[in-house]
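Here are a few exercises on how two chains meet. Have a look at the picture, try each task, then read through its solution.

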There are 2 protein chains.
Amino acid sequence: MQMGTIRHMAIFTLKHTEGSAEIEHFLNDGEKILSSIPVVKNFEVLRQVSAKCNFDYGFSMEFQNQEAYDAYNAHPEHQRFVRERWETEVAGFQEIDFMHL
Amino acid sequence: MQMGTIRHMAIFTLKHTEGSAEIEHFLNDGEKILSSIPVVKNFEVLRQVSAKCNFDYGFSMEFQNQEAYDAYNAHPEHQRFVRERWETEVAGFQEIDFMHL
């Protein structure tokens, strides 16, 4: 990760039953929709496997700078995903943003 | 991150005053000591910058597989760092372990 880059992560649990097709759909759609936003770099879909953390999944992505992050937050496809999918299918989440010191 | 790799992260706050030399020492020593353990790959020292997350710093590292992760946990330098520094200087933390789906 280069200096100035922001690594944005959301760790989350879904309302769907473990192993269900709905989970696969959510993760696949999230990757497809969010990674297609041009400012989004290095998008990753992750499983959270520590027993000491209460969340099951993670999305991780990088923005070149704060302007790119702002463009992502304002992007219609991101806002639509949040409204139509995140707010209806996510049971709980934590956001984390990292920069190199 | 390759399939099978585990990305281990700890996000944390320190007991020291923001901007103090003690914080710099903790982060520098953590990087030096932990990244020198042979199974630790891609060690990163990070600042957590989201206002929606209560932790200030992060260590991130990758292990090739569970055996490497177990070797890290059992390594004397890791255990010494936890005992002498982590348990005395860290005010709160959250562990997160990611694998690719």
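**Exercise 1.** Find how many residue pairs are in polar contact between chain B and chain A.

*Solution.* In this predicted model, counting pairs with both residues at pLDDT 80 or more gives 16 residue pairs in polar contact between chain B and chain A. Next, look at where chain B's side comes from: β1 (6-14), β2 (41-48), β3 (57-63) and β4 (90-100) of chain B each give two or more residues to it. Of these, β4(B) gives the most, with 7 residues. Finally, sort the residues on that side by type: 13 are nonpolar, 5 polar and 6 charged.

**Exercise 2.** Count the salt bridges between chain B and chain A, and look at one of them.

*Solution.* The count is 4 salt bridges. One of them links Glu95(A) with Lys52(B), and their closest N and O atoms are 3.3 Å apart.

**Exercise 3.** Work out how strand β4 of chain A runs relative to β2(B).

*Solution.* Start with the bridges: 3 of them join β4 (residues 90-100) of chain A to β2(B). The two strands run antiparallel. For a landmark, find Phe98(A), which stands opposite Gln48(B) in β2(B).

Notes:
Residues are numbered from 1 along each chain as its sequence is written. Chains are lettered from A and ligands numbered from 1 in the order in which they are written. This is a predicted model: local features need pLDDT of at least 70, side-chain atom pairs count only at pLDDT 80 or more; totals for chains, interfaces and linings use all residues. Side-chain values use heavy atoms; hydrogens and water are left out. A salt bridge is a side-chain nitrogen of Lys or Arg within 4 Å of a carboxyl oxygen of Asp or Glu. A polar contact is a pair of N or O atoms within 3.5 Å; within protein, one must be able to donate a hydrogen and the other to accept it, and residues adjacent in sequence count only if both atoms are side-chain atoms. Helices (H or I, at least four residues) and strands (E, at least two) are DSSP runs, numbered from the N terminus. Ala, Val, Leu, Ile, Met, Phe, Trp, Tyr, Cys and Pro count as nonpolar, Asp, Glu, Lys and Arg as charged, and the others, Gly among them, as polar. Two strands pair if DSSP finds at least two bridges between them.
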